[in-house]
Amino acid sequence: MAEKEVKKVCSTSNKVQADMILDMLKQNQIAAYTVSKEAGEIMEICSSISFAGYDIFCAACDYDRAKELIDALNQNIQSNTTDGMTTYHFTKYTRVIAMILVLVIVAIVLAGIFF
């Protein structure tokens with residue numbers, strides 16, 4: 001079976017929106033998947049939420065159609081365009097919160113080891 005080339009369609013900071021986009025793409029016969037950004041996978045294991053956000057990927061052959069559908073879905077959402085990719089921001093301090101949670105978890109683990 002030949003491997004399909006994948007392309008990043010967009011990024012979101014919200015799991016609900018990522019799931020909505022995946023569902024909309026599935027309804028339009030476009031296979032897609034999400035990947036947690038940065039250390040988000042670790043935070044998702046610990047808290048079931050990725051504070052770093054999500055990247056959404058699809059097959060390169062479906063990219064243009066997927067991008068059109070996503071842009072149509074998100075017409076009313078405030079967006080910030082960087083390097084041709086659209087990142088949708090719902091919370092302002094998610095990285096700070098994620099770092100604080102990581103530090104708290106590390107402190108708890110270290111306290112358990114040394115005390």
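Tutor: Strands β1 (residues 6-12) and β3 are antiparallel partners, joined over six bridges; strands count as paired if DSSP finds at least two bridges between them. Within this pairing, K8 has F57 of β3 as its bridge partner. Strand β3 also pairs with β2 (residues 32-36), again in the antiparallel sense, through five bridges. There, S36 stands opposite Y54 of β3. Strand β3 itself covers residues 54-59, and six of its six residues are buried, that is, under 20% relative accessible area, where exposed means over 50% and partly exposed lies in between (1.4 Å probe, protein chains only). In a regular strand, side chains alternate between the two faces of the sheet.

This is a predicted model, in which local features need pLDDT of at least 70 and side-chain atom pairs count only at pLDDT 80 or more, while totals for chains, interfaces and linings use all residues. Residues are numbered from 1 along each chain as its sequence is written, and side-chain values use heavy atoms, with hydrogens and water left out.

The chain holds four helices and five strands; helices (H or I, at least four residues) and strands (E, at least two) are DSSP runs, numbered from the N terminus. Their order from the N terminus is β-α-β-α-β-α-β-β-α. Of contacts between residues at least 6 apart in sequence, 65% join residues at least 24 apart, a contact being heavy atoms within 4.5 Å. Buried residues account for 33% of the 115 residues.

Phi of Q29 is near 55°, a positive value in a residue other than glycine. Q29 is exposed, its relative accessible area being 66%.

One nonpolar surface patch, of about 760 Å², is made by I105, V106, V109, L110, I113, F114 and F115. Patches are made of residues with over 30% relative accessible area and no salt bridge, with like charges joined within 9 Å and nonpolar side chains (Val, Leu, Ile, Met, Phe, Trp, Tyr) within 5 Å; a salt bridge is a side-chain nitrogen of Lys or Arg within 4 Å of a carboxyl oxygen of Asp or Glu. I113 belongs to helix α4 (residues 94-114) and is exposed at a relative accessible area of 57%.

Key
Areas by Shrake-Rupley, 256 points an atom, 1.4 Å probe, with all protein chains shown as cover.
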